[in-house]
Amino acid sequence: MTVENEKKKVIFSAVKPTGAPTLGSYAGALKNWLAMQEDYDCFYCVADMHSITVTLSAADFRKNTLDMLAMYLALGLNPEKCTLFIQSHVSAHAELAWVLNCNTLFGEARRMTQFKEKSKKNPENVNVGLFDYPVLMAADILLYQAELVPVGQDQKQHVELARNIAQRFNGRYSPTFVLPEPIIPKNGAKICGLQNPKSKMSKSDDNHNDCVYLADEPDVIMRKFKAAVTDSDACIKFERESKPGISNLLTVYSTFSGTSVPAAEKEFAGLGYADFKKRVGESVIEFLKPVQAEYKRILADKTYLNEVMKTGAEKAARTAARTLSKVYRKVGFVQPF
Ligand code: TYM
């Protein structure tokens with residue numbers, strides 16, 4: 001078999017539109033998605049079904065979903081090269097999730113760190129969906145027989161759960177699912193907040209100064225970087241534990257400028273923190289300039305967005321239906337006439 005005829009590895013990943021995408025979404029996931037679309041068979045979705053574990057107004061939620069798809073395109077994801085779709089447009093996700101629920105142990109779902117953290121943070125809305133969320137995520141991945149799942153550090157445990165569920169199902173019935181593996185970037189796997197550099201930058205956080213959104217206006221981005229928390233050391237060095245603010249800014253700079261962290265340390269040696277923060281802000285603004293122009297253009301072109309959604313959903317649904325039908329046969333559901 002020649003290399004050209006070899007089947008490309010399948011990639012699956014998603015972002016949930018609970019808010020607008022952030023620098024963290026880009027560094028942890030979207031940057032790798034872009035690189036991978038060149039060589040792999042990629043399925044990237046907007047995980048809208050994952051978003052309703054939190055309360056959002058329907059109007060905001062619809063807007064977030066379309067904004068997210070437009071941002072995928074603006075960043076350079078190409079619907080000719082990869083399959084871009086909205087999760088709820090492919091009903092097989094919910095259907096497979098039910099079967100996988102019956103192959104997931106309560107105890108293993110209960111161990112999920114995100115579930116524990118989110119339940120603690122929002123105790124008045126610990127819904128069953130929040131608990132079951134990693135199983136839906138397993139369904140997303142396994143439907144496409146994805147081998148690789150590019151995600152940030154916080155999703156590693158969920159991908160490992162998907163692998164365990166797949167292994168259990170394969171053992172119980174017969175080989176059905178490809179076992180997925182997470183792909184975590186060396187640099188940028190966990191971008192932290194600008195105000196709280198010890199915790200993850202999160203799009204659904206209430207402190208908007210902590211978080212830089214990819215669609216933020218340049219002056220807003222600069223203001224947030226200028227206000228970033230640092231330390232009283234006056235030394236630009238990567239030391240995650242003792243200098244979380246500076247280390248986080250170096251990681252952001254490296255992600256958006258393409259300079260390695262050690263090279264950035266050299267570049268900024270002797271510079272004051274105020275100038276350093278300004279330079280980091282500039283690197284992000286510079287990177288986002290063409291992306292934001294494209295984003296505005298795409299958002300105004302509803303016909304194009306609809307076309308991308310429709311083509312993507314049809315393509316995803318065809319692949320998903322093959323896996324779901326295999327699963328239904330294996331578990332013993334009577335085949336419809
Ligand atoms: P979500 O929407 O929270 O985040 C989307 C992706 O961005 C990464 N990420 C980060 N990486 C580095 N630093 C940060 N501050 C940061 N914030 C977010 C996340 O790790 C993730 O890769 N459950 C998923 C969405 C999902 C999914 C899937 C992912 C649904 N189905 C199947 C992979 C496969 C989520 O909530 O990601």
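Author: In this predicted model, strand β2 (residues 41-46) and β3 run parallel and are joined by four bridges.

Reader: Why are β2 and β3 said to pair?

Author: Two strands pair if there are at least two bridges between them. β2 and β3 have four bridges in the parallel sense, so they are paired. Within this arrangement, F43 stands opposite T83 in β3.

Reader: What makes β1 and β2 a pair?

Author: The requirement is again at least two bridges. β1 and β2 share six, in the parallel sense, and therefore qualify. The bridge partner of F12 in β2 is F43.

Reader: How do you know that both faces of β3 are covered?

Author: Strand β3 comprises residues 83-86; T83 and F85 lie on one side, L84 and I86 on the other, and these residues are all buried. In a regular strand the side chains alternate between the two faces of the sheet.

Reader: What makes β2 mostly covered?

Author: Five of the six residues of β2 are buried. Aromatic residues also gather here: F12, F43, F85 and Y144 form one aromatic cluster.

Reader: How many aromatic pairs does the whole structure hold?

Author: The search finds 15 aromatic pairs.

Reader: Why is the pair of F106 and F131 called tilted?

Author: The ring centres of F106 and F131 are 4.8 Å apart, and the planes meet at 35 degrees. The centres must lie within 6.5 Å for a pair; planes under 30 degrees apart count as stacked and those over 60 as edge-to-face.

Reader: Is F106 counted as buried or exposed, and on what value?

Author: Exposed means over 50% relative accessible area. F106 has a relative accessibility of 53% and therefore counts as exposed.

Reader: Is F131 buried or exposed?

Author: The cut-off for buried is under 20%. F131 has a relative accessibility of 17%, so this residue counts as buried.

Reader: What makes the pair of F115 and F131 edge-to-face?

Author: The centres of F115 and F131 lie 5.1 Å apart, and the angle between the planes is 75 degrees. F115 belongs to helix α6 (residues 113-121) and F131 to helix α7, and the two are 16 residues apart. Both F115 and F131 are buried.

Reader: Why is Q114 called buried?

Author: Q114, found in helix α6, has a relative accessible area of 9%. That value is under 20%, so Q114 is buried.

Reader: What makes the approach of Q114 to D154 a polar contact?

Author: The side chains of Q114 and D154 make the contact at 3.2 Å. The limit for the pair of N or O atoms is 3.5 Å, so this distance lies within it.

Reader: Which residues come nearest to the ligand?

Author: Of the 27 residues around the ligand, these are Y133, D140, D154, I191 and K203. A polar side-chain atom of D154 lies 2.4 Å from an oxygen atom of the ligand, and one of Y133 lies 2.5 Å from a ligand oxygen. M201 places a backbone N or O atom 2.9 Å from a nitrogen atom of the ligand.

Reader: How much of the ligand does the protein bury?

Author: Taken alone the ligand exposes 700 Å², and the protein buries 98% of that. The residues of the shell divide into 13 nonpolar, eight polar and six charged.

Reader: What is noted about the phi of Q145?

Author: Phi of Q145 is near 55 degrees, a positive value in a residue other than glycine. Most residues other than glycine have a negative phi, and most peptide bonds are trans. Q145 lies in the loop between α7 and β4 (148-150), and at 18% relative accessibility this residue counts as buried.

Reader: Why is A234 called exposed?

Author: A234 has a relative accessible area of 62%, which is over 50%, so the residue is exposed. A234 is found in the loop between α9 and α10 and has a positive phi of about 55 degrees although it is not a glycine.

Methods:
Residues are numbered from 1 along each chain as its sequence is written. This is a predicted model: local features need pLDDT of at least 70, side-chain atom pairs count only at pLDDT 80 or more; totals for chains, interfaces and linings use all residues. Side-chain values use heavy atoms; hydrogens and water are left out. A residue is near a molecule or strand if one of its heavy atoms lies within 4 Å of it. A polar contact is a pair of N or O atoms within 3.5 Å; within protein, one must be able to donate a hydrogen and the other to accept it, and residues adjacent in sequence count only if both atoms are side-chain atoms. Accessible areas come from the Shrake-Rupley method with a 1.4 Å probe; for residues, only the protein chains shown count as cover. Ala, Val, Leu, Ile, Met, Phe, Trp, Tyr, Cys and Pro count as nonpolar, Asp, Glu, Lys and Arg as charged, and the others, Gly among them, as polar. Buried means under 20% relative accessible area, exposed over 50%, partly exposed in between (1.4 Å probe, protein chains only). Rings of Phe, Tyr and Trp (its six-membered ring) pair if their centres lie within 6.5 Å; planes under 30 degrees apart count as stacked, over 60 as edge-to-face and the rest as tilted.
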